[in-house]
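The sequence and structure come first.

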Amino acid sequence: MDVKEARVTALAGGCAGMSVDVTLFPLDTVKTRLQSEVGFSRAGGFRGIYSGLPSVVAGSFPTAGLFFCAYEGVKIFGRGYLSESWDPVLHMTAASTGEVTACLVRVPVEVIKQRAQATRFRSSDILRETLRTEGFRGLYRGYISTVLREIPFSFIQFPLWEYFKKTWSSFQKSPVDPWQSSICGATSGCIAAGITTPLDVAKTRIMLAETGSAFSTGSISFAIRAVYRENGMQGLFAGVVPRMLWITVGGAIFLGVYDKAKVVLSSAHMDTS
């Protein structure tokens with residue numbers, strides 16, 4: 001991937017990330033409060049539905065840009081060594097690399113965002129309090145659980161997205177349009193979201209846990225067992241409907257905007273070169 005292609009990929013990814021995060025933020029707030037240990041009503045209910053938005057606005061562009069640069073970079077590198085039959089493995093590897101890289105920005109944003117969603121404090125106040133009480137490490141609480149959630153999700157979503165696009169392209173004998181890519185993204189995201197909800201619940205509990213509590217240790221296996229003991233399978237799939245709805249619509253916007261932005265930005269670069 002040359003510098004120009006990397007720039008287009010980063011900008012397209014950033015536009016996609018910003019579009020989906022800002023548009024669907026209220027649904028994400030509802031999901032977080034449903035998964036909160038104190039319950040939906042005590043976590044805020046439908047009040048302050050945009051709490052935590054500033055941290056998302058600041059972090060969504062670089063997070064998505066980093067993800068797609070890593071994702072496309074691994075795909076380009078892998079295609080020089082692997083045949084087409086290895087595409088699913090290549091897409092899984094590329095998505096995993098992208099998630100590990102993007103989580104370096106995503107996790108601090110998620111920590112501040114989710115604490116703002118589950119309390120009535122401003123993002124800036126939560127950032128200062130987190131640094132004061134937990135230090136810089138506090139911003140990365142839940143990093144491992146987030147990566148362990150995102151990698152299985154991406155293992156499912158991105159190979160399916162690429163497969164659906166390839167199948168649709170073969171059927172119509174031409175590359176898919178951005179709107180078709182968005183439908184493929186919505187379908188693959190919905191499937192992945194439903195399957196990985198227990199990991200999302202565990203991640204939310206870890207990030208919202210009080211310092212020194214059992215959940216704050218960051219053990220995803222402990223979190224899953226604890227939630228199951230408290231509320232059974234219903235607890236593990238708390239918020240599954242808004243999560244699937246959020247990611248279905250989000251997948252359509254995210255991947256559709258990404259493909260459309262790449263087309264527009266690539267054309268603009270060609271015109272100026």
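## Cavity

The largest cavity holds about 660 Å³ of space. The model is a predicted one, and it contains one cavity of 30 Å³ or more.

The lining of the largest cavity comprises 31 residues, and V20, D21, R106, E150 and W246 lie nearest its centre. By type, the lining residues are eleven nonpolar, eight polar and twelve charged. Helices that each supply at least two residues of this lining include α1 (3-23), α3 (53-79), α6 (143-172) and α10 (240-272).

## Salt bridges

The whole structure has 14 salt bridges. R106, one of the residues nearest the centre of the largest cavity, pairs with E99 at 2.6 Å, N to O. R106 is buried at 17% relative accessible area, and E99 is buried at 4%.

K203 and E110 form another salt bridge, with the closest N and O atoms 2.8 Å apart. This pair links distant parts of the chain: K203 lies in helix α8 and E110 in helix α4, 93 residues apart. Both K203 and E110 are buried.

In the salt bridge between K75 and E72, the closest N and O atoms are 3.6 Å apart. K75 and E72 are separated by about one helical turn, because they are three residues apart in helix α3. K75 is buried at 6% relative accessibility, as is E72 at 11%. E72 and K75 also belong to a salt-bridge network with E162 and K262.

## Surface patch

F77, Y81, L82, W86 and V89 form a nonpolar surface patch with about 580 Å² of accessible area together. V89 lies in helix α4 (residues 87-118) and counts as partly exposed, because its relative accessibility is 40%.

Terms used:
Residues are numbered from 1 along each chain as its sequence is written. This is a predicted model: local features need pLDDT of at least 70, side-chain atom pairs count only at pLDDT 80 or more; totals for chains, interfaces and linings use all residues. Side-chain values use heavy atoms; hydrogens and water are left out. Patches are made of residues with over 30% relative accessible area and no salt bridge: like charges are joined within 9 Å, nonpolar side chains (Val, Leu, Ile, Met, Phe, Trp, Tyr) within 5 Å. Accessible areas come from the Shrake-Rupley method with a 1.4 Å probe; for residues, only the protein chains shown count as cover. A salt bridge is a side-chain nitrogen of Lys or Arg within 4 Å of a carboxyl oxygen of Asp or Glu. Helices (H or I, at least four residues) and strands (E, at least two) are DSSP runs, numbered from the N terminus. Buried means under 20% relative accessible area, exposed over 50%, partly exposed in between (1.4 Å probe, protein chains only). On a 1 Å grid over the protein atoms alone, a cavity is a set of points where a 1.4 Å probe fits but cannot get out, and a pocket is an open set with protein on both sides within 12 Å along at least five of seven lines; lining residues have an atom within 4 Å of a point. Grid points are joined across faces, edges and corners, and a volume is the space filled by probe spheres set on the points. Ala, Val, Leu, Ile, Met, Phe, Trp, Tyr, Cys and Pro count as nonpolar, Asp, Glu, Lys and Arg as charged, and the others, Gly among them, as polar.
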